[in-house]
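Here is a short briefing on one protein model. Read it with the structure open beside you.

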Amino acid sequence: MILSPLSRLYGAFANIRNTLYEKGVFKSFPLGAKTISVGNITFGGTGKTPFVAFIAEILADAGEKVCILSRGYGRENPKERVLVSDGNKILANVKNDGDEPFELANKLIGKAIIIADANRVAAAKYARETFGVTAFVLDDAFQHRRAKRDLDIVLIDATKPFEILREPLKNLRRADLIVITRANLIENIEDLKSEIAKFTDAQIFIAENKIENLTDLEHFPSNPQSTQKGTINYLVFCALGNPQNFFEQLKRENFNLTAAETFPDHHFYTQKDISNLEAKAAETGANALLITAKDAVKLKNLQFNLPCFVAESRMIF
């Protein structure tokens, strides 16, 4: 396997840092409750957010008091702790929280407390003392070794499994469980499973995403609707780590797409962005816009002249 220069650079840094943890120079701290980490070994989207929600729902349904700890990438004040949701209501806004914690908060009302804090050890102490948390889910934490975990889950995107590595593949040995996501978007999943198995003895699960709801942005997330593609022509746009996967999924599920526009991951939209997108829609014959739930939480305060629908996915094993 030929690694990119960026992968080699990140790998060298990760090896030094991991060695310091393994020799005890850097310390790891237990969070005082059951802890599950969900992360990846590459840069770019692997489907962590829906998987974190999936885990949180399982724990909540089993009677646990669940808290999701996230760094909250892209938020305005990354060093501040933000209580995104107390489990019953959302207490902040998307710019203070980051788009992924805010998306999780919308999805998990009644199920989980959401906290954005780069210091997850301190945030866990606060969560235990304030809410009596009995289970933590760490979002994007495979490299966050300061927080000890009972279960380390690594997600690998089937379409771009090893494109830009955050650390060498040999470090998959730290994982307790591997989940290959978006498996339906490639032809031969067995070859990928065999390649991953060279680096870890962890059990490997296979998952895919499916569009479950198609909801008008105006009613999102409180009034989800069944998928109704109809004869609508969509201009689709998103700000994701791996946007092509979303586009390919829509095509495979027979959405009529006239154009697809991408923005940088974690992009905060402006009214000018919407005007430009609607102009592009008019040029291409689209009569509606289509987005992800991650985009939806950053668009609620903007004005639209065209209908805008949110495609919500669920993970299937």
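**A buried residue and its surroundings**

D99 is buried, with a relative accessible area of 1%. Buried means under 20% relative accessible area, exposed means over 50%, and partly exposed lies in between (1.4 Å probe, protein chains only). This is a predicted model, so local features need pLDDT of at least 70, side-chain atom pairs count only at pLDDT 80 or more, and totals for chains, interfaces and linings use all residues. Residues are numbered from 1 along each chain as its sequence is written, and side-chain values use heavy atoms, with hydrogens and water left out.

**Around D99**

- D99 sits in helix α4, which covers residues 99–107. Helices (H or I, at least four residues) and strands (E, at least two) are DSSP runs, numbered from the N terminus.
- The side chains of D99 and K298 are joined by a polar contact of 2.9 Å. A polar contact is a pair of N or O atoms within 3.5 Å; within protein, one must be able to donate a hydrogen and the other to accept it, and residues adjacent in sequence count only if both atoms are side-chain atoms.
- Beyond its neighbours within four places in sequence, D99 is in contact (heavy atoms within 4.5 Å) with Y73, V94, H266, K294, V297 and K298.

**The eight-stranded sheet**

- Eight strands form an open sheet with mixed pairing, in the order β3-β4-β2-β5-β1-β6-β7-β8. Two strands pair if DSSP finds at least two bridges between them.
- Strands β3 (82–85) and β8 (203–206) stand at the edges with a single partner strand each, so one side of each has no neighbour in the sheet.
- From one strand to the next, the twist averages 25°. Axes are lines fitted to C-alpha atoms, for helices over the stretch in contact, and angles run from 0 to 180 degrees between N-to-C directions.
- Strands β2 (residues 66–70) and β4 (residues 112–116) run parallel, joined by five bridges. V66 has A112 in β4 as its bridge partner.

**Strand β5**

- Five of the five residues in β5 (residues 135–139) are buried.
- In a regular strand, side chains alternate between the two faces of the sheet.
- Both faces of β5 are covered: A135, V137 and D139 are buried on one side, F136 and L138 on the other.
- Strand β1 (residues 34–40) pairs with β5 in the parallel sense over five bridges. Here V38 stands opposite D139.
- Strand β2 also runs parallel to β5, with four bridges between them. The bridge partner of I68 in β5 is V137.

**The five-stranded sheet**

- A five-stranded open sheet has the order β9-β13-β12-β10-β11, and its pairing is mixed.
- Its edge strands are β9 (208–216) and β11 (256–262), each pairing on one side only.
- The twist here averages 30° from one strand to the next.
- Strands β12 (residues 288–292) and β13 (residues 308–316) pair in the parallel sense over four bridges. L290 stands opposite F309 in β13.
- Helix α7 (residues 243–252) lies across β9, β10 (233–238), β11, β12 and β13, and runs at about 175° to β11.

- A search of the whole structure finds one cavity of 30 Å³ or more. On a 1 Å grid over the protein atoms alone, a cavity is a set of points where a 1.4 Å probe fits but cannot get out.
- The largest cavity has a volume of about 30 Å³. Grid points are joined across faces, edges and corners, and a volume is the space filled by probe spheres set on the points.
- Which residues line the largest cavity? They are S70, R71, Y73, E100, D139 and D140. Lining residues have an atom within 4 Å of a point.

Note on methods
On a 1 Å grid over the protein atoms alone, a cavity is a set of points where a 1.4 Å probe fits but cannot get out, and a pocket is an open set with protein on both sides within 12 Å along at least five of seven lines; lining residues have an atom within 4 Å of a point.
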